[in-house]
Amino acid sequence: MLLMGTSGPFGKYITLPAPLTIAIRSILALVFLYAYCRFKGISFRLRKADMAPIFLSGLLMGVHWITYFEALQLSNVAIGMLALFTYPVFTAFLEPVFLKTRFQKIHLFLGALVLSGVYLLAPDIDFGNSHTVAIAFGLFSAVCYALRNLIVKTKVGNYQGSVLMSYQLLLVSVLLIPTFFIYDLTEVPGQWTGLLGVALVTTALGHTLLINTFKHFSVTTISIISSVQPIYGIVIGALFLSEIPSWPTIIGGVLILASVVIESVRAYRR
């Protein structure tokens with residue numbers, strides 16, 4: 001979660017258009033993971049029945065990343081990350097449908113906490129306001145992320161997390177090749193620090209470790225526990241980007257992240 005929490009600060013630090021950023025991020029991370037899998041002798045072979053779901057998860061991941069980075073660039077690290085981390089609510093309601101698990105009533109309470117927090121992030125719904133638009137992007141990104149995680153959950157028992165992540169990165173990289181012909185590339189050399197950071201630290205390491213945890217916990221439990229990421233992201237943003245969140249943002253974040261404590265205790269007891 002600490003490694004994943006760097007996504008917000010890196011996303012805000014990088015000033016390239018979001019699709020171009022994600023294209024470069026995916027290619028670099030794919031190189032890192034491919035080299036790791038080859039070094040470890042991990043097979044990339046997939047069963048035919050698994051190809052479509054895995055590539056669909058890659059498509060959802062690409063959309064999630066682009067909309068998330070748009071949210072970060074339209075607002076700040078705190079609002080962008082907190083809007084995204086409504087995804088545990090979507091996961092809690094979607095998991096019983098996709099994975100045929102039992103719906104737990106306490107998730108309604110956790111969902112209410114999260115939605116109350118989102119309201120405090122943007123009490124005035126005005127799409128002429130960049131923060132409101134950012135939250136909308138963040139919420140859509142959250143839905144895509146929840147769906148992607150649910151699909152990956154069904155496949156992680158058969159494949160290494162690094163292999164699943166590699167195929168998702170491959171699809172995103174291929175789909176975003178046109179961005180190299182659409183956007184101005186002159187600013188890319190000046191952004192290499194952030195691009196390498198988000199590719200290696202957040203993506204190749206963070207996302208692969210996250211996928212591996214799906215073997216041991218439910219997607220809902222993981223998604224709610226991972227809501228600690230905005231705390232890391234906001235602290236890193238305050239230290240390195242001088243972004244100090246406002247009091248409504250802090251209170252909204254507390255409500256959203258309170259769900260992490262409740263679900264963590266419940267998961268530990270189980």
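Reader: How do you know how confident the predictor is in this chain?

Author: We look at pLDDT, the predictor's confidence in each residue, from 0 to 100. The chain averages 86, and 96% of the residues score at least 70. Helix 11 (residues 219-225) has the lowest confidence, with a mean of 74, while helix 9 (residues 179-182) has the highest, at 96. This is a predicted model, in which local features need pLDDT of at least 70, side-chain atom pairs count only at pLDDT 80 or more, and totals for chains, interfaces and linings use all residues. Residues are numbered from 1 along each chain as its sequence is written, and side-chain values use heavy atoms, leaving out hydrogens and water.

Reader: What makes a stretch of the chain count as a helix or a strand?

Author: Both are DSSP runs, numbered from the N terminus: helices are H or I with at least four residues, and strands are E with at least two. By that rule, the chain has 13 helices and zero strands.

Reader: Why is the chain called as compact as a globular protein of its length?

Author: Its radius of gyration, taken over C-alpha atoms, is set against the globule rule, 2.2 Å times the number of residues to the power 0.38. The chain comes out at 18 Å, close to the 18 Å that the rule gives for 270 residues, so it is as compact as a globular protein of that length.

Reader: Why is His-64 called buried?

Author: Buried means under 20% relative accessible area, exposed means over 50%, and partly exposed is in between (1.4 Å probe, protein chains only). His-64 has a relative accessible area of 3%, so this residue is buried. His-64 lies in helix 3. Leaving aside neighbours within four places in sequence, His-64 is in contact (heavy atoms within 4.5 Å) with Leu-84, Ser-141, Cys-144 and Tyr-145.

Reader: And what makes Gln-73 partly exposed?

Author: Gln-73 has 28% relative accessibility, so this residue counts as partly exposed. Gln-73 also lies in helix 3 (residues 48-74). Beyond four places in sequence, its contacts include Gly-11, Leu-16 and Ala-18.

Reader: What makes a group of residues a nonpolar core?

Author: The members must be buried Ala, Val, Leu, Ile, Met, Phe, Trp, Tyr and Cys residues, joined through side-chain atoms within 4.5 Å. The largest such core here has 48 residues, and Ile-24 and Phe-69 are among those with the most contacts inside it. Helix 2 gives this core its largest share, ten residues. A second, separate core has twelve residues, including Ala-78 and Leu-257.
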